[in-house]
Amino acid sequence: MYEWHEIGALEDIPRLGSRVVNTPHGDVAIFRTADDQVFALRDRCPHKGGPLSQGIVHGHRITCPLHNWVLELESGQAVAPDVGCATRYPTRLEGGRLWLGLNNVVSLPTTSPEAA
Amino acid sequence: MKEKLVLVGNGMAGMRTLEELLAIAPDKFDITVFGAEPHGNYNRIMLSPVLAGEKTIDQIMINDLGWYAERGITLHTGQEVTHINRARRQVYAADGTMASYDRLLLATGSNPFMLPIPGNDLPGVIGFRDIKDVETMLTAAQTGKHAVVIGGGLLGLEAANGLMKQGMQVTVVHVLDTLMERQLDPVAADMLRASLEERGLRFLMGANTAAVLGEERVRAVRFKDGLEIPADLVVMAVGIRPNIELAKQAGIYCERGIVVNDTMQTYDPKVYAVGECVQHRGQCYGLVAPLWEQAKVCANHLARYGIGRYQGSVTSTKLKVTGIDLFSAGDFNGGSGCEEIVLRDPARGVYKKLVVKENRVQGAVLYGDTVDGTWYFQLLREGTDIGAFRETVLFGHAHMADSGREGFSVMTMADDAEICGCNGVCKGTIIKAISEKKLFTVDEVRAHTKASASCGSCTGLVEQILAATVGTFDKTPKEKALCKCTEHSHDQVRKTIREQHLTSLRAVFEFMEWKTPDGCHSCRPAINYYLISTWPGEAQDDQQSRFINERVHANIQKDGTYSVVPRMWGGLTNPKELRAIADVADKFQIPTVKVTGGQRIDLLGVKKEDLPKVWADLNAAGMVSGHAYGKSLRTVKTCVGSDWCRFGTQDSTGLGVKLEKMTWGSWTPHKFKMAVSGCPRNCAEATIKDFGVVCVDSGYELHVGGNGGIKIRGTDLLCKCATEEEVKEYCGAFMQLYREEGRYLERTAPWIERVGLSYVKSRIVEDEENRKALYARFLDSQKFAQVDPWAERASGQVDAHEFKSLRRVS
């Protein structure tokens, strides 16, 4: 089950930009694409833990600022040939307000070989 | 409904086109493929190693039948297409199978040319073209003893070598006196022949074949002078002829090959052709590299991107005979106005020749040591001015102090030798990826293995491994596309921005028909730079297209914190600044304080949300951003100069401060470092900087294009001048020329190697008017650039969202 939290307005995030929501499970990066869709991923690249929120958003993808891994915003999956996944969280946009769904249980990334 | 695409010819060119097409427009077409051979698609250039017993057929398959099925491609193997009805847009195979098309792609390849002599159709007389020929040869080798290969070209020699390895006695018959005359000059050809004779091949040079003799099957070959030699197998490798029968029958205009335009379309625009069957601008190609380039252009056009033109290829060749290193490219015979640079060492069996015209490489022949083949080929394609290193060019790239090469062939290295130091990738890993994943380009190797994906200094080694493993040289186009979002090169993008007066990323994407809606992490920062450097004060600086460091004006560290480097003009500081730095470090609990190589102080481990407060405190003490994070002017390093030093000839510190005050804040294609030394002892290390000044008693020596870092390069002397004012003018003009013409992420060192020092001199030293104009443009753009980004952000007025989290959820 998700617990929904209101986190702000769409305009709080620049187009092709990102903001961070601090949660007890760690930081979550909220991305806004050029077509005004909003996605949320755990703010840790599955490669070496880079802060995805600091990367460059293009299409529905994010490039990690540390070593240029590219992840799909919708699935959190790394774009081939890289392999890895960042945990994704559901978002909702209602009347200009943004909502983020967080798990009640602590979520673990599916792969995080070098997370420490 | 999807459009229908029919491909005739299941060879390398056609399939490569499909692969390129599927990569960019996977759902556009229903695809049907006809192949005359009964297999999936295989790497034809690797047939020679198969014949020599070094590889198996399975190892050279590129796509098995499952590959076609997975992609929903209908594949008819073993079916030769015999007829095209263009009016109805249908093709028919020999057995009556019909397929209709909206777009047709002909990739029918070529046929070996069989000499028109009596007996050329006897059993045992074959060409060397496909798996069937290889099988015939392997069978013949088991029963027969004598083989005759007619043709001393690339293919003939590879066939002869393979048959010899299979235990046959092989005689190579060549009509001319030198082998491989289209690739080699007489010296290299003789060395090659001697080496092959040593291995056991026999040669009959200047021999005219009159007839193949035999009743049931081939028995002997007779020459015009009456000589007869026994033969159980005759391989004709005298050339190839584009296979144009089908196209001709369908009324498509052909000359030697199927004539195509720059988008690979035949005279019927619904019909495309690629590969060895085509004739483009009067040229037919029988090598693999041009096919790759054609495939890419053709796929783009089929996908309706409409961009990208094929403009012909410069080709290079490599003989695939194990143990013999031979490379040739371009025009190696020279002509009027050409000079030859030759190195010949018979004892080592090494011969190298470069043909040079006006200091640009026109052609190369290498025998015995081909390590630098790719490098010479690159110099050739890019038209690099080799004036600066002409004396040592034949000693190879290793001599250019490239850390990636150490003067040996990479293939002599062990499999566990580390090739890519940044990402820890070994040679064996790269070879495995190339063969298992069927990689053909350096980009693909980079994507799959990460080798050469970081600093890039091992790219040359990776190219060598690729070349040796795949058996062909890379297919890097003459001008590389900026990134995968476009076919346009850096230079084309910048030219268009200038000519069309484009001032926003959106305008560039629309005008240049970008393939992606908003670019990627490679092209956006590049275009943003081209925009703001071309139209200062006019183009919008797009923060979301800046790498994080330039967006938040600090350097991101591996743990997500940042480092902060305040500017210290010319490396000078004072107690007040040092106290402020110490106070900031205490107040914000900054864990590491370090002195940098550029004479600045680095505060490492600052939390992102603290950045504006740290900057406010530093601003209060009079310090501004040091731009240690940017593709911009970094630092001006100085020595103490005539104020204190007993050797100092000029006020190097003062000049350094003046240069830094003039140039700070300017954005450049890559980072830009300067130094001023007060005497030729050069304590500020000015001769490894992008722009370095060495003071002498009579004035100032100006040095450019130096580089520490990955690939160390000493500067070139630009000129000498007499006054500080002149130094400033030359400095501004040089920076502006680099800002206007250097490609994004190209440092001054490779830029100068690309365009040549003489070009830079001609624009700055010899053309006073142009120098003054460049300097004026530089100063003009500085009016918009010299705003302290820290002060703007410390005030909370700019980009406040960057430094605050959106919400804290508990």
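1. How many bridges join E2(A) to strand E39 of chain B, and do the strands run parallel or antiparallel? In this predicted model, two bridges link E2(A) with E39(B), residues 807–808, and the strands run parallel. Asn22(A) has Arg808(B) as its bridge partner in E39(B).

2. The contact between the chains draws on 27 residues of chain A and 21 residues of chain B. On the side of chain A that touches chain B, strands E1 (2–9), E2 (17–23) and E5 (56–58) each give two or more residues. E2(A) gives the most, with six residues. By class, this side of chain A holds 15 nonpolar, 10 polar and two charged residues.

3. The largest nonpolar core has 66 residues, and Val149(B), Leu192(B), Val234(B) and Val235(B) touch the most other members. Helix H5 of chain B (residues 154–165) gives the most to this core, with seven residues. Another core, of 49 residues, lies apart from it and includes Leu18(B), Leu246(B), Ala289(B) and Leu302(B).

4. Leaving aside residues up to four places away in sequence, Val149(B) touches Gly156(B), Ala159(B), Ala160(B), Val170(B), Val172(B), Val173(B), Val235(B) and Ala237(B).

5. Helix H12 of chain B covers residues 459–470, and 12 residues at 1.5 Å a residue should span 16 Å. The end C-alpha atoms of H12(B) are 16 Å apart, so the model agrees with that expectation.

6. H12(B) is mostly covered, with 10 of its 12 residues buried. Among the buried ones are Leu461(B), Val462(B), Glu463(B) and Ile465(B). The buried residues of H12(B) pack against strands E23 (316–318) and E28 (418–420) and helices H9 (373–382), H10 (427–436) and H11 (442–449), which belong to chain B.

How values were computed. Residues are numbered from 1 along each chain as its sequence is written. Chains are lettered from A and ligands numbered from 1 in the order in which they are written. This is a predicted model: local features need pLDDT of at least 70, side-chain atom pairs count only at pLDDT 80 or more; totals for chains, interfaces and linings use all residues. A nonpolar core is a set of buried Ala, Val, Leu, Ile, Met, Phe, Trp, Tyr and Cys residues joined through C-beta atoms within 7 Å. A residue is buried if 20 or more other C-beta atoms lie within 10 Å of its own, exposed if 12 or fewer, and partly exposed in between; C-beta atoms are placed from the backbone. Helices (H or I, at least four residues) and strands (E, at least two) are DSSP runs, numbered from the N terminus. Two residues are in contact if their C-beta atoms, placed from the backbone, lie within 7 Å. The expected span of a helix is 1.5 Å times one less than its number of residues. Ala, Val, Leu, Ile, Met, Phe, Trp, Tyr, Cys and Pro count as nonpolar, Asp, Glu, Lys and Arg as charged, and the others, Gly among them, as polar. Two strands pair if DSSP finds at least two bridges between them.
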